[in-house]
Amino acid sequence: SEIRYADGNRIIRQWLGPRCSGLAIVPQRLYFGVGSDEPSGLPEHELVDNSSPRLPAADTRLRCCLDLADRLSSRVHGLSAEPMPVANTGFNLHRQTRICLGQDARVPAGEKVGVQLMRHGFLRVPGRFGVVICAQKTEARAVIAYQAFLQTAFERCGVKTTVRVISYEKLRSVANEGRLAKRHDQAILIAVDGKKGLPLKPEAASLLDLLAQHGVSFRLFSTDNKALRWASLDQAGSLVSAAGGVPYDLDLPWPQPDNAPFLLGIDLGHPAVGRETWVVMSLLDWRGILIQSWRARQERDETVKPATLASGLQWAKAAMAKYSTTGRGVLVLRDGRLQVHEDYATYRSLLGTDTTLVEVSKRQNPEMYVSGKVLSPVSAGTVCALEGSTTPFFAPVSPRRPNDLSHVFKVHMLPDWDGLNLGLDKVIDILNGLSYAPALG
C-alpha cells in the first residue's frame with residue numbers, strides 16, 4: 001500500500017539546567033495509517049521496513065526550523081527568531097581517543113572500524129574460537145545465507161573459524177546437560193523471526209530464558225533483516241566478545257590512565273507490547289570493554305524503582321570488586337534525568353567507591369549545525385554550550401547518510417556529583433571517545 005507521510009517540525013521544551021530552559025525546533029517526519037488522518041504511533045521501521053522515503057536535504061530541513069522560528073517570533077512577544085549563541089565550543093574531540101586493534105595497530109577514533117579490522121584484525125581471539133547459529137528452522141534461506149556471510153566476514157578479518165548451525169532443540173538439550181557453560185570459546189547466535197521492537201515468539205523467548213539461567217552469553221539476529229550481508233560485518237566483533245575475546249579496545253583520554261575508573265551505564269527499556277519496563281545496567285572497564293550486564297523487570301514506569309536501583313548498584317559493586325582489587329572508582333552514565341528518589345548520595349553509598357554521576361540525554365535535543373550559504377550538520381567530536389548554561393551538547397559521530405542530521409547528546413553534571421574530580425570538559429572528552437567502544441558504539 002502507498003506510504004503516507006508528512007515532513008514538518010516539532011517544538012520541544014528543552015531543559016538546560018536548574019531554573020534554565022528554552023524551546024527547541026527540530027525536524028520530524030510523521031507517518032499515517034491506512035485510511036487515517038491521525039499520525040501513527042508505530043516506529044518508522046515497523047511501518048516502512050528498509051524502504052523509508054528519502055529525507056529532504058539537511059539544508060532544507062534546517063531552514064524549515066529557522067522559518068518556523070521566524071513566523072513564531074512575529075506572534076509570540078519576546079521570542080527571538082535568532083538561534084541561541086553558543087560558547088565553549090570544541091571540535092574533533094573524539095580524535096583524542098585511539099582504537100587499539102590487532103598487530104599493535106592504534107588508529108584515531110572516527111576511522112571506519114570495519115575497514116581497520118579487515119586491515120589489522122581483532123585484538124584478541126580465543127584459541128579455539130567458533131560460532132554456533134541456533135535456529136528453529138535450520139534450513140531456512142536466511143539462516144544459511146547468514147552462516148555464509150559470517151564465515152566470509154571472519155575470513156576478511158584474518159580469523160579462521162567454523163560457523164555451525166544447530167536447532168533450538170539441540171541447544172536446549174546441551175544447555176540442560178550443563179555442557180554449554182564450559183565452552184567459553186564458542187559464541188552462541190540465536191536466529192529469531194520478526195522486526196525490532198516486536199515480542200519474541202514463545203519458542204525463542206523460552207530458549208533465551210534458559211540460556212540466561214545457565215549464565216550463557218548469546219547474541220541475536222533476525223531472519224527478517226533485509227541487510228544480512230552488512231549485519232554480518234557489524235556482528236562479527238560482537239561474536240568475538242561473546243566468546244571471551246576482544247575485537248578492539250580504546251585508549252581513552254583519562255587524566256590518570258593507570259588508575260582510570262570503571263564505567264557503568266544505566267538505561268530503561270520499554271517493550272512495544274506489555275506492561276513492563278526493563279532496567280538495564282552495563283559495566284565496562286576503563287578501555288570500553290563490556291565486563292558484564294544486569295537487567296531487571298519492573299512495572300511499566302519512566303522511573304527506576306528504588307528497590308530495583310539498589311539491587312542493580314549492589315550487583316555493580318560486587319562485579320567491580322571481582323574484576324579488580326584496585327579502588328578505581330566508577331563513572332556512572334545515567335540515561336535521561338535523575339528522578340525524585342535518585343540522588344548522588346544513593347549512588348555513592350551503594351557503589352561503595354569514588355563516583356562521578358552524569359546525566360546523558362540522547363533524544364529530543366536541539367539540532368547542531370554549521371551556518372553559511374548551505375546549512376550543514378556538525379561533524380563528529382563537536383561540542384558546545386549555550387551562553388549562560390552549564391549543560392553542553394555534543395555530536396560524537398558524523399551523520400551516516402547525506403541527508404541525515406547530527407545525533408546530538410546532552411550532558412548534565414553538578415559539581416557535587418564529580419567524586420572522581422574529572423571535570424565536565426574531561427567527561428565530554430571521555431564520552432566522545434566512548435561512543436566508539438565495541439560494547440556501545
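Guide: In this predicted model, four strands make up an open sheet, with parallel pairing and the order β7-β6-β8-β9. Strands (E, at least two residues) and helices (H or I, at least four) are DSSP runs numbered from the N terminus, and two strands count as paired if DSSP finds at least two bridges between them. The edges are formed by β7 (163-167) and β9 (218-222); each has a single partner strand, so one side of each has no neighbour in the sheet. From one strand to the next, the twist averages 30 degrees.

Residues are numbered from 1 along each chain as its sequence is written. Local features need a pLDDT of at least 70 and side-chain atom pairs count only at pLDDT 80 or more, whereas totals for chains, interfaces and linings use all residues; side-chain values use heavy atoms, with hydrogens and water left out.

Strand β8 (residues 186-192) pairs with β9 in the parallel sense through five bridges. Within this pairing, Ile188 has Phe218 of β9 as its bridge partner.

Helices also meet this sheet. Helix α5 (residues 168-176) lies across β6 (130-135), β7 and β8, and runs at about 90 degrees to β7. Helix α6 (residues 202-213) packs on the sheet as well, where it touches β6, β8 and β9, and its direction makes about 160 degrees with that of β8. Such axes are lines fitted to C-alpha atoms, for helices over the stretch in contact, and the angles run from 0 to 180 degrees between N-to-C directions; contact means heavy atoms within 4.5 Å.

A second sheet has antiparallel pairing. This open sheet consists of three strands in the order β5-β4-β10. Its edge strands, β5 (106-108) and β10 (249-251), each pair on one side only. Neighbouring strands here are turned by 35 degrees against each other on average, direction ignored. Strand β4 (residues 98-100) is joined to β10 by three bridges, and Arg98 stands opposite Asp251 in β10. In general, strands of a sheet pair through backbone hydrogen bonds, either parallel or antiparallel.

Asn92, in the loop between β3 (86-90) and β4, has a positive phi of about 55 degrees although it is not a glycine. Asp104, in the loop between β4 and β5, likewise is not a glycine and has a positive phi of about 60 degrees. Most residues other than glycine have a negative phi. Asn92 is partly exposed, with a relative accessible area of 44%, while Asp104 is exposed, at 77%. By these terms, buried means under 20% relative accessible area, exposed means over 50%, and partly exposed lies in between (1.4 Å probe, protein chains only).

Strand β20 (residues 409-412) is covered on both faces: Phe409 and Val411 on one side, and Lys410 and His412 on the other, are all buried. Strand β15 (residues 355-361) pairs with β20 in the antiparallel sense over three bridges, and Val360 has Val411 as its bridge partner. Strand β19 (residues 392-395) also pairs with β20 in the antiparallel sense, over two bridges, with Phe393 opposite Lys410.

The interior may be considered next. A nonpolar core is a set of buried Ala, Val, Leu, Ile, Met, Phe, Trp, Tyr and Cys residues joined through side-chain atoms within 4.5 Å. The largest core holds 85 residues, of which Phe154, Trp254, Leu264, Leu313 and Leu331 touch the most other members. Helix α8 (residues 306-323) supplies the largest share of this core, seven residues. Apart from it lies another core of 17 residues, among them Leu171, Ala175, Leu180 and Val192.

Finally, the chain as a whole contains ten helices and 20 strands. Its radius of gyration (taken over C-alpha atoms) is 23 Å, close to the 22 Å that the globule rule (2.2 Å times the number of residues to the power 0.38) gives for 441 residues, so the chain is as compact as a globular protein of that length. Buried residues make up 45% of the 441 residues.
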